[in-house]
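Here's a quick briefing on the two chains, one topic at a time. Keep the structure open while you read.

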Amino acid sequence: MADTKDMTAPASTGRAWENDAVLTVEHLTMRFGGLTAVNDLSFNVGRGDITALIGPNGAGKTTVFNCVTGFYKPTEGRITMRHGKVSNDFIERVTDTGERYRVEGNAGVYLLERMPDFTISDKAKVARTFQNIRLFAGMTVLENLLVAQHNRLMVASNFTFGGLLGLPGYRKARQASMEKAIYWMERVNLLDRADDPAGDLPYGAQRRLEIARSMCTDPHLLCLDEPAAGLNPRESAELNDLLQFIRREHGTSILLIEHDMGVVMEISDHVVVLDYGEKISDGDAEAVRNDPKVIAAYLGVDDEEEIEEILEEDAEIAKAHARGEEVSDDVVMPEKAKAKSKAKPKAKKAAPAKARSEPVPAAAGATPAPAMAGGLNAPRDGKGDNLTRIKGIGPINEKKLNAHGIFHFDQIAAWKAADVKQAEDYLAFDGRIKREEWVKQAKTLAKGGDTDFSKRVDKGAVPSSRSGKGKGGSK
Amino acid sequence: MSETSAPLLSVSGVETYYGNIVALRGVDIDVHRGEIVTLIGANGAGKSTLMMTICGNPRARHGQIVYDGTDISAMPTHEIMRLGIAQSPEGRRIFPRMTVMENLQMGAQLVDDKYFDDDVKRVFDLFPRLKERQVQRGGTLSGGEQQMLAIGRALMSRPKLLLLDEPSLGLAPLIVRQIFDIIGDLNKNEGLTVFLVEQNAFHALKLAHRGHVMVNGKITMSGTGAELLKREEVRAAYLEGGKH
């Protein structure tokens, strides 16, 4: 009991993964023959947090999951599951003894890398779902949820004999299991399909059933491998609600692998990014989203941003029309854009396919990206222009352009057709630069002039841009 | 060469059942030469069923599927493939015990050997990750890499019509972008006709010439990609669910 006293301070800063971890992964290495899938990886999962593990394909995310849940025995490293408040001292003592786990009072330490996989779900209370769904396809939905509670039922039935005799202890346990199964079927909206074989459910429903099945084991930590894969945005939103419900009502910590940034950014408290088996970024969603390393290796240009911009443009047109104003050249642009965008695929796609099939530079944030024509090593006078005053350039694109040595309006103003194409390829924008007339805007701005859009930016009216003329307020 | 006005693939009045359960309730879709056509819809709407029905497994109980002037509704699957249709199925059905290279060879079964080196090079250009892993067994690849392999294998057969079932499933955002670019390029440069089923409606509609929306085994809306992107119902149902 002495151990629980010198526990670390409670999560006052809101960063539970630093102060109150439910799972600690330390120096995890996993080798398959000569292939190192995970290399010296350390991270924490905060109690009550939703933690996302993201990274390019083949980065080793699922391997980490398999180590945590006991499917693989790691080559090196320690994976600790903590129940209740546990001090580091307690963990070290358990580690030294060679025990697999120890419980003292309310505190329990489970060294997952030492435990056989079936005890991990039973004792350490870690549950998981699978990337390629693994339900019992021939069993009904209800049966799948009862199988998850098999251990408890087995014990309650005195290993079958009590069950055969129908002892009250078993009947009670059976009733409780049934109630729990019904509760979770309601939660994941599958109650009306309780008696259908799991294999007949559509993909999204099978994913929900997998989550329900894991929750039937009352886990402290729920590991989800791509829960939103194959879901459309509406179904993803429902998934978000379900995960937040699980966290809120059951206090279950969640560790998830996911590529759907809508899910990751919206619900995660903490994001860990892997590339080639190593951690490249770790922090809250906002910090990771803006990390140039993550953008280069994983995110690319943000879709959401693009969608928002399209909507914003539409709203602008509507507003302008509603006011019955003389529609200015700048605002009418999207109309032209539509005309131009018909021509755009020719311009872009006539180029040989090779142009875009070049391997994407991994983690280019570390090394300077190749400079573009007219690119500078550093901004003149140590201060670049506020490129977000050009319509179509947000902070992320500004950062990317900076990485290529583009800091000033006059540089963009001097772009020739080939430069525009190069920039479009790099930013993965099909014809947007041309469509949005960056060059024309830049020419005006370089002369110290203003466009309607830049005026709005200067007023601070555009959330996706920074106000101010210089590079000042940038993070 | 049949007359150019006739669609390359014409699905008319197709109804498919699983046992007694109706999966498709009379679907009509035309895919013309050189087009990218996309089909979007919720889970369980029947999108994958349509894709599988085109390949003859399960079979359409009613209706007709005509490919390049030939009625393929009753043709065995392997003969349908010989006509130049390739599919990259949902859920990464690669050969797990074969190496990456052997998987690609399987895709090239029906193609003259002289093309093999060029085609492999093209697949490796598209997916450098597969090149790094070419001697590994398919089953040891990560999920996303298996997806890349499934698409690469489909391309190896030099198809005239490429059926892609959820190519973006489980792939990183950057790779998703590349895959859609690749599909666009193949279509533009090589005139490849593509029929695409996707959850990622925004990307798919942006890429496609025409799109269809499927609800409960029926096509409820059709139009150009841009038109559908603008439709309020489409946005509400398939694009903006993830937003507040």
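Start with a strand pair in chain B: B:Val11 sits opposite B:Ile29, a residue of S2(B). Keep in mind that this is a predicted model.

**The hairpin in chain B**

- Strand S1 (residues 9-18) and strand S2 (residues 21-31) of chain B run antiparallel to each other, and eight bridges join them.
- The hairpin made by S1(B) and S2(B) has two residues between its strands. B:Gly19 in this hairpin has a positive phi near 60°.

**The chain B sheet**

- Which strands stand at the edges?

**Helices in chain B**

- Look at helix H3 (residues 100-107) of chain B: its buried residues include B:Val100, B:Asn103, B:Leu104 and B:Gly107. These four cover an arc of only 100° around the axis, which puts them on the same side of H3(B).
- What covers the buried residues of H3(B)? The cover includes helix H4 (116-126), helix H5 (128-132) and helix H6 (143-156) of chain B.
- Two of those covering helices also meet each other: the axes of H4(B) and H6(B) come within 10 Å and cross at roughly 150°. That angle makes H4(B) roughly antiparallel to H6(B).
- The crossing of H4(B) past H6(B) is right-handed. On the H4(B) side, the contact is made by B:Asp119, B:Val123 and B:Leu126. H6(B) contributes B:Gly152, B:Leu155 and B:Met156.

**The chain A sheet**

- Over in chain A, six strands make an open sheet with mixed pairing, in the order S7-S8-S9-S3-S10-S11.
- At the edges you'll find strand S7 (126-128) and strand S11 (278-283) of chain A, each pairing on one side only. From one strand to the next, the twist averages 15°.
- Helix H10 (residues 233-250) of chain A packs on the sheet and touches S3, strand S8 (221-225) and S9 of chain A. Its direction makes about 150° with that of S9(A).
- Helix H13 (residues 292-299) of chain A lies across S3, strand S10 (270-275) and S11 of chain A. H13(A) runs at about 125° to S11(A).

**A closer look at S3 in chain A**

- Strand S3 (residues 50-54) and strand S9 (residues 253-257) of chain A run parallel, joined by four bridges. Along this pair, A:Ile50 faces A:Ile254 of S9(A), and A:Leu53 stands opposite A:Ile257 of S9(A).
- S3(A) also pairs with S10(A), again in the parallel sense over four bridges. Here the bridge partner of A:Leu53 is A:Val272.
- Is S3(A) enclosed or open? Five of its five residues are buried, so S3(A) is largely enclosed by the rest of the structure.
- In a regular strand, side chains alternate between the two faces of the sheet. In S3(A), A:Ile50, A:Ala52 and A:Ile54 point one way, while A:Thr51 and A:Leu53 point the other way, and all are buried.

**Totals for each chain**

- Chain A has 475 residues, 42% of which count as buried. Its secondary structure has 22 helices and 11 strands.
- In chain A, 69% of the contacts with a separation of 6 or more are between residues 24 or more positions apart.
- Chain B has 244 residues, and 53% of them count as buried. Its secondary structure comes to 10 helices and 10 strands.
- In chain B, 67% of the contacts between residues at least 6 apart in sequence join residues at least 24 apart.

Terms used. Residues are numbered from 1 along each chain as its sequence is written. Chains are lettered from A and ligands numbered from 1 in the order in which they are written. This is a predicted model: local features need pLDDT of at least 70, side-chain atom pairs count only at pLDDT 80 or more; totals for chains, interfaces and linings use all residues. A residue is buried if 20 or more other C-beta atoms lie within 10 Å of its own, exposed if 12 or fewer, and partly exposed in between; C-beta atoms are placed from the backbone. The arc is that of the directions from the helix axis to the C-beta atoms. Two residues are in contact if their C-beta atoms, placed from the backbone, lie within 7 Å. Two strands pair if DSSP finds at least two bridges between them. Axes are lines fitted to C-alpha atoms, for helices over the stretch in contact, and angles run from 0 to 180 degrees between N-to-C directions. Angles under 35 degrees count as roughly parallel, over 145 as roughly antiparallel, 65 to 115 as roughly perpendicular and the rest as oblique. A crossing is left-handed if the near helix is turned anticlockwise from the far one by less than a right angle, and right-handed if clockwise.
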